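Welcome, and take a moment to look around. The questions below walk through the model step by step.

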Amino acid sequence: MNQSHFYAMISRMKYINRWGLMNNTKYENISEHSQQVAVLAHCLVLIHNKRFGGSLDAERAALLAVFHDATEIITGDMPTPIKYANPSIQKVYKQVESSAADRLIELLPEDFRDEYRDILKPSSESDLELEIFVKAADRFSALIKCIEEMRMGNDEFKMAKETIEKSIHEMKLPEAEVFFDEFLPSFSLALDEIQ
């Protein structure tokens, strides 16, 4: 029987830390981040469906979010200021991510590859429609990290918080605005205040 190394490789997401250029009070790895993005993407699609009459697949959005940074096992976490410095770098980095996704897919048994290709390299119209919610969830996860760091007295994240908030508003996504008003304020509260 042939061995597949895909799931062992995916488990290594816990070794890739985010925010490499920032002074962190608590490190965050891409495994933790991806779980949070999955929860938030699911929520954003629920908002879309329940508050705006949509009919998208919230569970599919969560699945896409779980794997949205899986290629960073191979590429590492590229800091945002570098990744988005200019269109040329963005284009090349997209190619690097695509190659990394192909490498991960090759670690799977042949009969699993099509399913995971659709997850790691989504291209269907419905998946592309969900990608905006995964992108918004990714930004909200980063914003929540900034809020948590600032609650611990770490002003290193002040500018990042402002920039990320602005980028979310610029998405002009009504579902994101609902999340801002209805769910985000709780992340600034202490445990006793939440309960």
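**A guided tour in questions**

Q: Is Gln95 buried, exposed or partly exposed, and what is its relative accessibility?
A: This is a predicted model, and we can start with a single residue in it. Gln95 is found in helix α6, which covers residues 87-106. Buried means under 20% relative accessible area and exposed means over 50%. Gln95 counts as partly exposed because its relative accessibility is 45%.

Q: How far apart are the C-alpha atoms of Gln95 and Arg60?
A: Along the chain, Gln95 and Arg60 are 35 residues apart.

Q: How many helices and how many strands does the protein chain have?
A: Reading from the N terminus on, the elements run α-α-α-α-α-α-α-α-α-α-α. The count for the protein chain is therefore 11 helices and 0 strands.

Q: What is the radius of gyration of the protein chain, and what does the globule rule give for 195 residues?
A: Along its principal axes, the C-alpha trace spans about 55 × 40 × 40 Å. The chain is as compact as a globular protein of that length, because its radius of gyration is close to what the globule rule gives for 195 residues. The two values are 17 Å for the chain and 16 Å for the rule.

Q: What percentage of the contacts between residues at least 6 apart in sequence join residues at least 24 apart?
A: Contact here means heavy atoms within 4.5 Å. Among the contacts in the protein chain between residues at least 6 apart in sequence, the share that joins residues at least 24 apart is 69%.

Q: What share of the accessible surface belongs to carbon and sulfur atoms?
A: Of the 195 residues, 41% count as buried. The accessible surface of the protein chain comes to about 11,400 Å². The part of that surface belonging to carbon and sulfur atoms is 54%.

Q: How far apart do the centres of the positive and negative side chains lie?
A: The protein chain carries 22 positive and 33 negative side chains. The distance between the centres of these two sets is 4 Å.

Q: Which residues does Leu143 contact, leaving aside its neighbours within four places in sequence?
A: Leu143 is one of the residues with the most contacts inside the largest nonpolar core. In soluble globular proteins, nonpolar side chains tend to be buried together. Beyond its sequence neighbours, Leu143 is in contact with Lys161, Ile164, Glu165, Ile168, Phe180 and Leu184.

Q: How many residues are in the second, separate core?
A: Met13, Phe67, Ile105 and Leu120 are among the members of this second core. Its total is 15 residues.

Q: Which helices are included in what covers the buried residues of α10?
A: The buried residues in α10 are Glu175, Ala176, Val178, Phe179 and Phe180. What covers them includes α2, α8 and α9.

Q: Is Asp127 buried or exposed, and which residues does it contact beyond four places in sequence?
A: Asp127 is found in helix α8. At 5% relative accessibility, Asp127 counts as buried. Leaving aside neighbours within four places, Asp127 is in contact with Arg60, Leu64, Asp118 and Pro122.

Q: Which residues does Glu131 touch, not counting those up to four places away in sequence?
A: Glu131 also lies in helix α8. Its relative accessibility is 30%, so Glu131 counts as partly exposed. Not counting residues up to four places away, Glu131 touches Leu64 and Pro122.

Methods
Residues numbered from 1 in each chain as written. Predicted model: local features only at pLDDT ≥ 70, side-chain atom pairs only at ≥ 80, totals over all residues. Heavy atoms only, no water. Helix = DSSP H or I, 4+ residues; strand = E, 2+ residues; numbered from the N terminus. Rg over C-alpha atoms; globule rule 2.2 N^0.38 Å. Buried < 20%, exposed > 50% of the residue type's maximum accessible area, 1.4 Å probe, protein only. Areas by Shrake-Rupley, 256 points an atom, 1.4 Å probe, with all protein chains shown as cover. Lys, Arg positive; Asp, Glu negative; His and termini not counted. Charge placed at Lys NZ, Arg CZ, Asp CG, Glu CD. Core = buried A, V, L, I, M, F, W, Y, C linked by side-chain atoms within 4.5 Å.
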